[in-house]
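Here are my notes on the model, as numbered points. Please keep the structure open while you read.

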Number of protein chains: 2
Amino acid sequence: MPPRRAYHHGDLRTALIAAADAIVREQGLEGFSLREAARRAGVSPGAPAHHFGSVKGLLTEVALLGYDELARYLAPPLEDTTESAEGTVRRMAHGYVRFALDHPGHFRLMFRSDAVDRDDPRYGDVSARALNGLAAAACAFDKASGQTEGRIFGTWAAIHGMAHLILEGKAQYLFGTASADAVVDLALAALLARLPSPPD
Amino acid sequence: MPPRRAYHHGDLRTALIAAADAIVREQGLEGFSLREAARRAGVSPGAPAHHFGSVKGLLTEVALLGYDELARYLAPPLEDTTESAEGTVRRMAHGYVRFALDHPGHFRLMFRSDAVDRDDPRYGDVSARALNGLAAAACAFDKASGQTEGRIFGTWAAIHGMAHLILEGKAQYLFGTASADAVVDLALAALLARLPSPPD
DNA sequence: GATGATATCTGAACACCGTTCAGATAGGCG
DNA sequence: CGCCTATCTGAACGGTGTTCAGATATCATC
């Protein structure tokens, strides 16, 4: 990463987002600093301010990329039309948890409302898009129970709770060193066993 | 909080924990700093190091206090023996979420494995104790489904997920400005509706 | 009670952080 | 060409956690 020759970067905004994304991916959120991102982009510490206002602005962009990536993890189960609705929910749970473990820095950032510009309108859009699939699966699976928002949120909460607790090391109190997939399967078995009869 | 007269504090360790706990309670985790805690205790910035090693050590103590408080929020539903098992789980979910909203700084800290000394043995003890009640309720309620650890973790994950998502403002995408209690009720309705028949 | 060992705390230093801002530089456009 | 505006520099400021030699107090032992 040799120092730029030109005084003007050309596309500093994009470069800073890429640098920040890489830091969060490599070192997690604690390893991130605005100055380090500037350093990687070969630019002075004051440069990011013009493009992002503050560190929150830059981290918001990284969080948005995280939602895109999450959507990619959740897509395959939906595209497989041969799967039952219950199977789809199952596979999305595994995908959600795998995303959290594959991209812990992004996952944590996405749910750190203090580190991010919560009021960015794109933020709501992207999270809605990422969860559209989950919403569809939850509704298809869970036709009989409660009203729509309750179904979606209940499913989301159960899956998100697994991911968060596993990521932060809380599952080991119950399961020792069992794999995340095994933990998810056991929890799903308990949560889905309540179902009266598998739909379609 | 006038400056101490004595060179030695007397019980600095306790004073620092109390100060840190107060900061987290008043200003949240982002408002916390080791130096501010030292300032409140009327002591130099280097003093905490001797008692806690690093900032993680002090924050671990605050997190432990958080678990105690959580246990207090979860206790009443268990003590009410007239309640059905489902009702107990319901009330514990509301208690868990209320704790998160009443003590956001503590809640976030308790699940920030980067900010805390994860390997502190007391950490596992206290979290186990706080969740014992939840475990008992989950098992009593959910006799038929899955094996024990799966039942406990599934219930915990669902409840924790609600609390986390609500606290970080993610429920508003689905429910607007609805109260947390209403959101929890709707999600519980969907999750519990799957039950074949109410036990006992 | 005096003496020595040990625990405790100070205060200055260090490296780093995010943010600000006057000024240097470049590109776009008349 | 010359100007205007966006962009970026680099130094400064106040803040952070951590380290450490040295000052101070407590405690055990004589």
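1. Start with Trp156(B). This is a predicted model, and in it Trp156(B) has a relative accessibility of 3%. That value makes Trp156(B) buried, because the cut-off for buried is under 20%. Phe153(B) is buried too, at a relative accessible area of 0%.

2. How are the rings of Phe153(B) and Trp156(B) arranged? Their centres are 6.4 Å apart. Their planes meet at 85°, so the pair is edge-to-face; the cut-off for that label is over 60 degrees. Both residues sit in helix H8 (residues 148–167) of chain B. They are three residues apart there, so about one helical turn separates them.

3. Stay with helix H8 of chain B, which also holds Leu167(B). Is Leu167(B) buried or exposed? Its relative accessibility is 10%, so Leu167(B) counts as buried. Now compare sequence with space. Leu167(B) and Asp102(B) are 65 residues apart in sequence. Their C-alpha atoms are 9.9 Å apart.

4. Next, look at the aromatic pairs as a set. A pair of rings is described by two things: the distance of the centres and the angle of the planes. Over all chains, the search finds 16 aromatic pairs. One of them joins Tyr73(A) and Phe99(A), with ring centres 5.5 Å apart. The planes stand at 70°, so this pair is edge-to-face.

5. Where do the two partners sit? Tyr73(A) is in helix H4 (residues 55–79) of chain A, and Phe99(A) is in helix H5 (residues 85–102) of chain A. They are 26 residues apart, and the pair links distant parts of the chain. Tyr73(A) is buried at 18% relative accessibility. Phe99(A) is buried at a relative accessible area of 1%.

6. Tyr73(A) and Phe99(A) also belong to a cluster built from ring pairs. Trace it on the model.

7. The search finds five cavities of 30 Å³ or more. The largest cavity holds about 150 Å³ of space. Phe107(A) and Phe111(A) are among the residues that line it, as are Phe107(B) and Phe111(B). The lining also includes His164(A), Glu168(A), His164(B) and Glu168(B).

8. Which elements give two or more residues to this lining? They are helix H6 (104–110) of chain A and helix H6 (104–110) of chain B. By residue type, the lining has six charged, four nonpolar and two polar residues.

9. Now turn to DNA strand C, which has 24 residues around it. Leu34(A), Arg35(A), Arg39(A), Ser44(B) and His51(B) come nearest. Helix H2 (34–40) of chain A and helix H3 (47–52) of chain B each supply at least two residues of this surface. The surface divides into 11 polar, nine nonpolar and four charged residues.

10. What part of DNA strand C lies within 4 Å of the protein? Of those atoms, 63% belong to sugar or phosphate, and the rest belong to bases. A backbone N or O atom of Ser44(B) lies 2.6 Å from a phosphate oxygen. For His50(B), a polar side-chain atom lies 2.8 Å from a phosphate oxygen. For Val55(A), a polar backbone atom is 2.9 Å from a phosphate oxygen.

Definitions and conventions: Residues are numbered from 1 along each chain as its sequence is written. Chains are lettered from A and ligands numbered from 1 in the order in which they are written. This is a predicted model: local features need pLDDT of at least 70, side-chain atom pairs count only at pLDDT 80 or more; totals for chains, interfaces and linings use all residues. Side-chain values use heavy atoms; hydrogens and water are left out. Rings of Phe, Tyr and Trp (its six-membered ring) pair if their centres lie within 6.5 Å; planes under 30 degrees apart count as stacked, over 60 as edge-to-face and the rest as tilted. Helices (H or I, at least four residues) and strands (E, at least two) are DSSP runs, numbered from the N terminus. Buried means under 20% relative accessible area, exposed over 50%, partly exposed in between (1.4 Å probe, protein chains only). A residue is near a molecule or strand if one of its heavy atoms lies within 4 Å of it. A polar contact is a pair of N or O atoms within 3.5 Å; within protein, one must be able to donate a hydrogen and the other to accept it, and residues adjacent in sequence count only if both atoms are side-chain atoms. Ala, Val, Leu, Ile, Met, Phe, Trp, Tyr, Cys and Pro count as nonpolar, Asp, Glu, Lys and Arg as charged, and the others, Gly among them, as polar. On a 1 Å grid over the protein atoms alone, a cavity is a set of points where a 1.4 Å probe fits but cannot get out, and a pocket is an open set with protein on both sides within 12 Å along at least five of seven lines; lining residues have an atom within 4 Å of a point. Grid points are joined across faces, edges and corners, and a volume is the space filled by probe spheres set on the points.
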